[in-house]
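Here is a short report on one protein chain. Keep the sequence and the 3D view open while reading.

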Amino acid sequence: MRKLMKLLLPAWLVAKLRALKQLRQLRAAIERALAASEQPATRSGRSVVEAMRAASRYQPAPDEQAWIDRIEDVRAALDASDEVVEFDDFGCGEATTADLSVAGLASRPRAGRLGEFSMLASKTRPWAYLLFQVVRRCRPKWCLEMGTCVGVSGSYLGAALKLNGGGRLTTLEGAQAFATIARKTFDRLGLDTVSELRVGPFSLTLPRLLEGCEPIDFFFVDGHHDGAATQAYFRQLLAHASEDAVFVFDDIEWSAGMADAWRTIRQSPSVTYSAGLANVGIVVTTRRRGEPTQGV
Ligand SMILES: C[S@@+](CC[C@H](N)C(=O)[O-])C[C@H]1O[C@@H](n2cnc3c(N)ncnc32)[C@H](O)[C@@H]1O
């Protein structure tokens, strides 16, 4: 059906229909999560709830809309690109590559149409807008993204920081070819001033980044969707999180292992608020740096 639609309809209409479907799914997921969750106890928790409500309304202010339009133009060009990319595949959106390696070091050489990977791996507009709203409302000083791909979600995060008038993004990507494309994405949008991209497997780039780093306020974990690895990343990141930090995990319904990881993470004693939104999980944590990591 999807293939038939792609053949019969212009690309912009396919993208619009896809975004509308995703917005409906996002709204339903947010409604369910808000009905099921407790009142948040902290400032970040309250900001996350406001962000979910704003994402569900989807009424960007004019300055926000201007950024979204620019990012979506870049996305449209990426999605339409027939350029062939050769890259180290660490897993970019397909179940077959989900568990390449628990250690996160393994990758395999692969080639394909840029447009295919961009479309498959990048957060769609409504979900990227949710990330954008979380950053707008929580006003983090430092954001960390794991899994840049071609820079779409990173652009939404960077745009939110620009509109906030402060804050920076560090984003990690294993595949050099995607990192090169993401850098061009950030350059085209003028986001290179707020975004730093580091290339290499998480198992190498993450410890280097975390060594002696300042507290991190916002995390978007969207790469290496392995349950055990995701729990290990949470433990590792929590030790460097600010006191009222926000974590967003993508693909929590990817596999039984990821679902299990999400259940464990949201039950961590460090978590003060959590919302499971279909495939996306958000937790707010409280923990002073230097304290031992509890529970996970
Ligand atoms: C789903 S894509 C990220 C999409 C992006 N966040 C967006 O929405 O625009 C996941 C990315 O993580 C990268 N990745 C996966 N496992 C990794 C690992 N162990 N180390 C480094 N990068 C990894 C992949 O190369 C891929 O580009």
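## A first question

In which sense, right-handed or left-handed, does helix 4 pass helix 8? The crossing is right-handed. Please bear in mind that this is a predicted model.

Helix 4 covers residues 62-80, and it packs against helix 8 at an angle of about 145°. Their axes are 10 Å apart. On the helix 4 side, the contact is made by Arg-70, Ile-71 and Val-74. On the helix 8 side, Thr-185, Arg-188 and Leu-189 take part. Sorted by class, this contact has three nonpolar, one polar and two charged residues.

## The chain as a whole

The protein chain has 296 residues, and 46% of them count as buried. It holds 11 helices and nine strands.

Residues 24 or more positions apart account for 80% of them.

## Helix 7 against helix 8

Helix 8 (residues 176-189) also meets helix 7 (residues 152-164). The two axes come within 10 Å and cross at roughly 30°. This crossing is right-handed.

Which residues of helix 7 meet helix 8? They are Gly-154, Ser-155 and Gly-158. Across from them, helix 8 supplies Ala-182, Thr-185, Phe-186 and Leu-189. By class, the contact has three nonpolar, four polar and no charged residues. Find Thr-185 and Leu-189 again: these residues of helix 8 are part of the contact with helix 4 and of the contact with helix 7.

## Helix 2 against helix 3

Two packed helices are described by the angle between their axes and the distance between the axes. Helix 2 (residues 11-36) and helix 3 (residues 43-57) pack at about 150°. Their axes lie 9 Å apart. Why is this pair called roughly antiparallel? The angle of about 150° is over the cut-off of 145 degrees, so helix 2 is roughly antiparallel to helix 3.

The crossing of helix 2 and helix 3 is left-handed. Helix 2 makes the contact with Leu-26, Arg-27, Ile-30, Ala-33 and Leu-34. Helix 3 makes it with Met-52, Ala-55 and Ser-56. By class, there are six nonpolar, one polar and one charged residues in this contact.

## The nonpolar core

In soluble globular proteins, nonpolar side chains tend to be buried together. In this model, the largest nonpolar core has 82 residues. Which members touch the most others? They are Val-48, Leu-131, Val-135, Val-246 and Val-248. The largest share of the core comes from helix 6 (residues 125-138), with nine residues.

Take Val-246 as one case. Set aside its neighbours within four places in sequence. Val-246 is then in contact with Ser-44, Val-48, Val-134, Cys-138, Phe-218, Ile-282 and Val-284.

## Buried or exposed?

Start with Arg-137, which is found in helix 6. Is Arg-137 buried or exposed? Arg-137 counts as buried because it has 21 C-beta neighbours inside 10 Å. Beyond neighbours within four places in sequence, Arg-137 is in contact with Ser-47, Glu-50 and Ala-51. Arg-137 and Ala-51 are 86 residues apart along the chain, but their C-alpha atoms are separated by 6.3 Å.

Ala-256 lies in helix 11 (residues 256-266). Ala-256 counts as exposed because it has 9 C-beta neighbours inside 10 Å.

## Two positive phi angles

His-224 has a phi near 55°, a positive value in a residue other than glycine. Where is His-224 found? His-224 sits in the loop between strand 6 (216-221) and helix 10 (227-238). His-224 is buried, with 25 other C-beta atoms within 10 Å.

Ala-278 has a positive phi as well, near 50°. This residue is found in the loop between strand 8 (271-277) and strand 9 (280-286). Ala-278 counts as partly exposed, because it has 16 C-beta neighbours inside 10 Å.

How values were computed
Residues are numbered from 1 along each chain as its sequence is written. This is a predicted model: local features need pLDDT of at least 70, side-chain atom pairs count only at pLDDT 80 or more; totals for chains, interfaces and linings use all residues. Axes are lines fitted to C-alpha atoms, for helices over the stretch in contact, and angles run from 0 to 180 degrees between N-to-C directions. Helices (H or I, at least four residues) and strands (E, at least two) are DSSP runs, numbered from the N terminus. Angles under 35 degrees count as roughly parallel, over 145 as roughly antiparallel, 65 to 115 as roughly perpendicular and the rest as oblique. A crossing is left-handed if the near helix is turned anticlockwise from the far one by less than a right angle, and right-handed if clockwise. Two residues are in contact if their C-beta atoms, placed from the backbone, lie within 7 Å. Ala, Val, Leu, Ile, Met, Phe, Trp, Tyr, Cys and Pro count as nonpolar, Asp, Glu, Lys and Arg as charged, and the others, Gly among them, as polar. A nonpolar core is a set of buried Ala, Val, Leu, Ile, Met, Phe, Trp, Tyr and Cys residues joined through C-beta atoms within 7 Å. A residue is buried if 20 or more other C-beta atoms lie within 10 Å of its own, exposed if 12 or fewer, and partly exposed in between; C-beta atoms are placed from the backbone.
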